[in-house]
Amino acid sequence: MDETPEEGLQEVAAALNELATGLVRHLLSDRQGMSLTTVAALGRLEREGPIRLTALAAAEGIAQPSMTALVQRLERQGLASRMADPEDGRVCLVAITDAGHELLAERHRAQRARVAGLLTALPDQDVQALSEAMHAALPIVRQLLREVPSPRTTRGGTAS
């Protein structure tokens, strides 16, 4: 019996979920003392630049008091700093520091090395098949994720 379009979508969704969950679990098994929320907030600061704390909290889906505490920890660790908004001196923006950039770069290198280590256990033809599949799938997944409605932050700090 042929599968319906809905069954096909469900099958693709299940496979993507299994892939993402498996890799995330593997990579998170070595968090290096940082929560996923902390890494996500630093990553957002790196991608989007300085933003208001309220906008950062909204974008990450956590309460403002929790984000305030997280930003204070990041400041104590030298990974983030607060600065006056050049457009409105009454407003404070949160920014990633050079140390924060370096930490994220090191985490990305370590994660790539861990996944590369997994790949060394595979036969060459399996690595080649994965490479071809990723070259086809990754642009599609990136496009899909760009189209997902999500809270976005602006320089002024409002979530939309």
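Strands β2 and β3 (residues 88-96) pair up in the antiparallel sense, with 6 bridges between them. Pairing here takes at least two DSSP bridges between two strands, and the elements themselves are DSSP runs numbered from the N terminus (helices: H or I, at least four residues; strands: E, at least two). The model is a predicted one, so local features need a pLDDT of at least 70 and side-chain atom pairs count only at pLDDT 80 or more, while totals for chains, interfaces and linings use all residues. Residue numbers run from 1 along each chain as its sequence is written, and side-chain values use heavy atoms, with hydrogens and water left out.

Back to the sheet. It is open, has 3 strands in the order β1-β3-β2, and its pairing is antiparallel. The edges belong to β1 (51-52) and β2 (80-85); each has a single partner strand, so one side of each goes without a neighbour in the sheet. Across the strands, methionine 83 sits opposite leucine 93 in β3. In general, strands of a sheet pair through backbone hydrogen bonds, either parallel or antiparallel.

As for confidence, the protein chain averages a pLDDT (the predictor's confidence in each residue, from 0 to 100) of 88, and 90% of the residues score at least 70. Over residues 152-160, though, the pLDDT is below 50; this stretch still has 23 contacts in the model beyond near neighbours in sequence, a contact being heavy atoms within 4.5 Å. Where pLDDT is low, the predicted coordinates should not be read in detail.

On the surface, Val12, Leu16, Leu19, Leu23 and Leu118 make up a nonpolar patch with about 410 Å² of accessible area together. Patches take residues with over 30% relative accessible area and no salt bridge, joining like charges within 9 Å and nonpolar side chains (Val, Leu, Ile, Met, Phe, Trp, Tyr) within 5 Å. The areas come from the Shrake-Rupley method with a 1.4 Å probe, and for residues only the protein chains shown count as cover. Helix α1 supplies the largest share of the patch, 4 residues. Leucine 118 is found in helix α5 (residues 98-119) and, at 41% relative accessibility, counts as partly exposed. The classes are buried (under 20% relative accessible area), exposed (over 50%) and partly exposed (in between), with a 1.4 Å probe and protein chains only.

Then there are the charges. The whole structure holds 5 salt bridges, each a side-chain nitrogen of Lys or Arg within 4 Å of a carboxyl oxygen of Asp or Glu. One of them links aspartate 88 and arginine 90 (2.9 Å, N to O); aspartate 88 is buried, with a relative accessible area of 18%, whereas arginine 90 is exposed at 77%.

In helix α2 (residues 36-48), arginine 44 and glutamate 48 are 4 residues apart, which means a separation of about one helical turn. Their closest N and O atoms are 2.8 Å apart in a salt bridge. Arginine 44 is buried, with a relative accessible area of 12%, and glutamate 48 is partly exposed, at 34%. Elsewhere, salt bridges that share partners join Arg44, Glu48 and Glu60 into one network.
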